[in-house]
Amino acid sequence: AGGGNASLELSSRPPAPAGLNPWDVMLCVSGTAIACENALVVAIICYSPALRTPMFVLVGSLATADLLAGLGLILNFVFQYVIRSETVSLLTVGFLVASFAASVSSLLAITVDRYLSLYNALTYYSERTVLCVHTMLAGAWGVSLCLGLLPVLGWNCLHDRATCSVVRPLTKSNVTLLSASFFLIFLIMLHLYIEICKIVCRHAHQIALQQHFLTASHYVATKKGVSTLAIILGTFGASWLPFAIYCVVGDPNYPSVYTYATLLPATYNSMINPIIYAYRNQEIQRSMWVLFCGCFQAKVSFRSRSPSDV
């Protein structure tokens, strides 16, 4: 499996494979885990009226995109081994492209929201912020949908194998566009997180001046915040950068194991996102208790986190 000189085959054509490709099985298992994790987040946010703030709307958008990506991986496995249709496979790969693009775009929107919550702390909780969040989400999902429609509308290599990329049936120019978009988003997120670190350190310094010294708790909190930001950005980069780079430098004649080996870690980002952005939040933790045990009485006070509470 994956040993031949063929790229990852997302398009289906008869005859059916003689056996299961272990890499495809791992992608399907990854998709199942992603779908289950993010379905729980979506259910919690929809179930809890208190989780209607801009921050949780963005987290819900991320969870929805990752949920769709997980379902797309499952559907791709089914249509590759059970229902082999070229048209359906094109729809599936377009669905996957749109879902993962929406996931990455939602991550960028969350980063922008965190930056604004610190940079404009006094005016953050206003109608303007709600409008800004809805505008970002509309733009993110609109662009993602357009990217997903490109293979379906004809930007594929089904009729010209020479234009194929390392991920069939996407063309080389298509994956180059997707990779360039990812690099741009990654650089913007890197810049914003650097600015967030500067603001956090400046706030800690101002507190120290007011209290005439920097307490150990302030130092620990600042260090923890910066470390958390590094983990968030590092996880995102480690998951997606290998696949994005390989899409640019890879050749469709290379063994398909290279494509699988870089694509699988990229899917793990959608598996880690709920842990970083949802399950660590105390409001969502409380909502989980209420969702699974309606008799639960919140006797312990929970501190509502703001987007800037990293």
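This is a predicted model: local features need pLDDT of at least 70, side-chain atom pairs count only at pLDDT 80 or more; totals for chains, interfaces and linings use all residues.
## Annotated transmembrane spans

An unreviewed UniProt entry carries the feature "transmembrane region" at residues 23–48, 55–83, 89–110, 131–155, 175–194, 226–245 and 257–279. These positions come from the record, and such annotations may be inferred rather than shown by experiment.

Two of the spans can be set against the geometry of the model. Residues 23–48 are 96% helix and 0% strand, with 38 Å between the end C-alpha atoms. The span 89–110 is 100% helix and 0% strand, and its end C-alpha atoms are 31 Å apart.

Helix α2 covers residues 54–81 and helix α7 covers residues 256–279. Their axes come within 10 Å and cross at roughly 150°. Angles over 145 degrees count as roughly antiparallel, and α2 and α7 are therefore roughly antiparallel to each other. The crossing of α2 past α7 is left-handed. On the α2 side the contact is formed by Val59, Leu62, Asp66 and Leu73, and on the α7 side by Thr267, Ser270, Asn273, Tyr277 and Ala278. By class, the residues of this contact comprise five nonpolar, three polar and one charged.

Helix α2 also packs against α3, where the axes come within 8 Å and cross at roughly 160°. The pair α2 and α3 is therefore roughly antiparallel as well. This crossing, too, is left-handed. The contact of α2 with α3 involves 18 nonpolar, eight polar and two charged residues.

## Packing of α1 with α8

Helix α1 (residues 22–47) and helix α8 (residues 282–292) meet at an angle of about 85°, and their axes are 10 Å apart. Angles from 65 to 115 degrees count as roughly perpendicular, so α1 and α8 are described as roughly perpendicular to each other.

The α1 side of the contact consists of Leu40, Ile44 and Tyr47. Helix α8 contributes Ile284, Ser287, Met288, Val290, Leu291 and Phe292. In terms of class, the contact of α1 with α8 has eight nonpolar residues, one polar residue and no charged residues.

## Aromatic pairs

The structure contains 13 aromatic pairs. One of them joins Tyr115 and Tyr119, whose ring centres are 5.4 Å apart and whose planes lie at 15°. Planes under 30 degrees apart count as stacked, so the pair of Tyr115 and Tyr119 is stacked.

Both tyrosines belong to helix α3, which spans residues 86–119. Tyr115 and Tyr119 are four residues apart, about one turn of the helix.

## A cis peptide bond

The peptide bond between Arg168 and Pro169 is cis, with omega at about 5°. Pro169 is located in the loop between β2 (167–168) and α5 (172–211).

Methods:
Residues are numbered from 1 along each chain as its sequence is written. Side-chain values use heavy atoms; hydrogens and water are left out. Axes are lines fitted to C-alpha atoms, for helices over the stretch in contact, and angles run from 0 to 180 degrees between N-to-C directions. Helices (H or I, at least four residues) and strands (E, at least two) are DSSP runs, numbered from the N terminus. Angles under 35 degrees count as roughly parallel, over 145 as roughly antiparallel, 65 to 115 as roughly perpendicular and the rest as oblique. A crossing is left-handed if the near helix is turned anticlockwise from the far one by less than a right angle, and right-handed if clockwise. Contact means heavy atoms within 4.5 Å. Ala, Val, Leu, Ile, Met, Phe, Trp, Tyr, Cys and Pro count as nonpolar, Asp, Glu, Lys and Arg as charged, and the others, Gly among them, as polar. Rings of Phe, Tyr and Trp (its six-membered ring) pair if their centres lie within 6.5 Å; planes under 30 degrees apart count as stacked, over 60 as edge-to-face and the rest as tilted.
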